[in-house]
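Subject: Structure handover

Hello,

Here is the structure for your files. My notes on what was found in it follow below.

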Amino acid sequence: MKAMDGTILAISYEINPALVSVVLGTALLGLATGALGSLAVLRRNSLLGDALSHAAYPGLLAGFLLSGTKSVGLMVLGAILAAAMALYLTNLLGKGGRVRPDAALALVMGCFFGIAMVLQSHLQQNPSAAQAGLKDYLFGQAGLLLEEDIPLLVCLALLVLFVLGWGWSRWKIITFDRSHALSLGIHVPFWDMLYSFLLILSVVIGLQVAGVVLMSALLVMPGCASRYWTTRMSSLVTLSGITGAFLGIGGTFTADELSWPPGPTIVLLGFIWLFISYGAFEIRRKKRALRQPFSPGNSFTPPPFPIPGKAPSNG
Amino acid sequence: MNTLALEVEDLTVAYGENPALWDVDLKVPKGIMMGLIGPNGAGKSTLIKTVMGLIRPAAGTVRVFGKPHGESQSRVAYVPQRSSVDWDFPATVKDVALMGSYGRLGWSTRPDRKEHKNTQDALERVGLSDLANRPVHQLSGGQQQRVFLARALVQKADLYLLDEPFQGVDAATESLILDLLRSLRSAGGTIVVVHHDLQTVADRFDQAALLKVRLVASGPVSEVLTTANLQQAYGIQATSLLAIRDGTP
């Protein structure tokens, strides 16, 4: 309950203006990644965000190396390109059949992060690199969110919400049954590309706030927690977005109160929420089971008549 | 006038180096129910998926109602194997059935009242209208199969391709599916079903196609299920299969 107290306390005190942009920034990022990540959870592709954030880091460093200064544009471009390349490689490796998709993810993630470590050791001899705070991207530094970062995060959140709402029927059908979507003539590769693009964009923008390692938690946690509360995809995605935003707000205030780093605090708070969601789900399930021991969906209905000498299935 | 619902010519499909289908020619006349039979790995599902455009053939052509696949897509409904999706998905029975209408909808249009009515009718026909708001993860195997069928009905197609709809469903669902397919046929629909149970082929289907990578035979069931054909498709197992067919122990 410490988290709740912290939130209330922080509000009742005078609010530090620097904190406002951090709270807003993390809330917007949480909204975008929560909504988008819930789709990844449904697609059983939760590790993709992790792989992309690890892969974006060397691109960021390469952008810095090329420009020689902290040029945000070039660094972001490098990160996007590196993440896209990693995604392409993962798909290519996974398609061959011998390397499973999960192994392909692990391979590419490790390889790109290895490149990043090599680049980083090279950069350590460069004094301007330390000043540029490149390490912040590795572990995240939400405290550095400034007022001028907010418009970008607003754009990201609006873009994610707009694209999800706009093609809602497509997201739904492709997530549930790809081959059925294809059979209806829906252009599934286009939607896959669009999804990857949004994911890469969120990961790259989120790197500064959450860092390489915590980024995937930000993507996956709201979706996982929300699965315990709803059985509709629309409410799942909505709830995940809201959860992400609230985790951003709650985590930042708590972090400020306790002088903890915001990124990890958000993730820890998310874990507590996940645990509460799981507990509430189990309690509801037990109660329901006590009320109606045989719900029609779970019970076995015996065939109404014996089936005469059914032939063994030939396969 | 074209009397064929489906026409497959010289179709070859390969997964890597191994051919899954080799030089298959198949004609399915309009208004019949055809059973697609053959041993495991014979390419039955592959054939259906290729017709649906889910798999790109190495060679050959597929024509649906006399047109290449893309042009007649809206006239074909595909019912995949029940196990091909994750049923632990946050959706209700009605949500899934409604997806049958998505092919007619534009990117951003929501299903209107007419589509909802269609869906309600389809659920009624498969006996699931009471369970319309039930989450799909609570359904039994037979109910899942019926949801898939309702989704196909919503598509209002002329050709239905079903991949093992009788696999692992209870007897009540089995007879319901059969009745439904027959009523679709009487309404002028054409139905192709991947089927495993040789014993029931003659009762259920007007025609059969026996596959073993190549097409062994196709046509009226009695002409397809001959000793020689079954021997060719199933090899050594054929003697026991024939015993089943002839009703001898």
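Helices (H or I, at least four residues) and strands (E, at least two) are taken as DSSP runs and numbered from the N terminus. On that basis, B:Gly141 sits in helix α4 of chain B. This is a predicted model, in which local features need pLDDT of at least 70 and side-chain atom pairs count only at pLDDT 80 or more, while totals for chains, interfaces and linings use all residues. Residues are numbered from 1 along each chain as its sequence is written, and chains are lettered from A and ligands numbered from 1 in the order in which they are written.

B:Gly141. This residue is partly exposed, with 15 other C-beta atoms within 10 Å. (Buried is 20 or more other C-beta atoms within 10 Å of a residue's own, exposed is 12 or fewer, and partly exposed is in between; C-beta atoms are placed from the backbone.) Leaving out residues up to four places away in sequence, B:Gly141 touches B:Arg82, B:Gly168 and B:Val169, where contact means C-beta atoms, placed from the backbone, within 7 Å. B:Gln167 is 26 residues from B:Gly141 in sequence, and their C-alpha atoms are 9.2 Å apart.

Helix α3 of chain B. Its 13 residues (113-125) should span 18 Å at 1.5 Å a residue, and the end C-alpha atoms are 18 Å apart, which agrees; the expected span is 1.5 Å times one less than the number of residues. B:Asn118, B:Thr119, B:Ala122 and B:Leu123 are buried in α3(B). Seen down the axis, the buried residues fall within an arc of 135 degrees, so they line one face of the helix; the arc is that of the directions from the helix axis to the C-beta atoms. The cover over them includes α2 (93-98) and α4 (141-154) of chain B. On the face turned away from the buried side are the exposed residues B:Arg113, B:Lys114 and B:Lys117. Just after α3(B), B:Gly127 has a positive phi of about 75 degrees.

Core. A nonpolar core is a set of buried Ala, Val, Leu, Ile, Met, Phe, Trp, Tyr and Cys residues joined through C-beta atoms within 7 Å. The largest has 159 residues, and those with the most contacts inside it are A:Leu52, A:Ala56, A:Ala83, A:Val204 and B:Leu161. Helix α11 (residues 188-227) of chain A gives the most to this core, with 21 residues.

Interface. Chain A puts 31 residues into the contact and chain B puts in 34 residues.

Regards

Conventions
Two residues are in contact if their C-beta atoms, placed from the backbone, lie within 7 Å.
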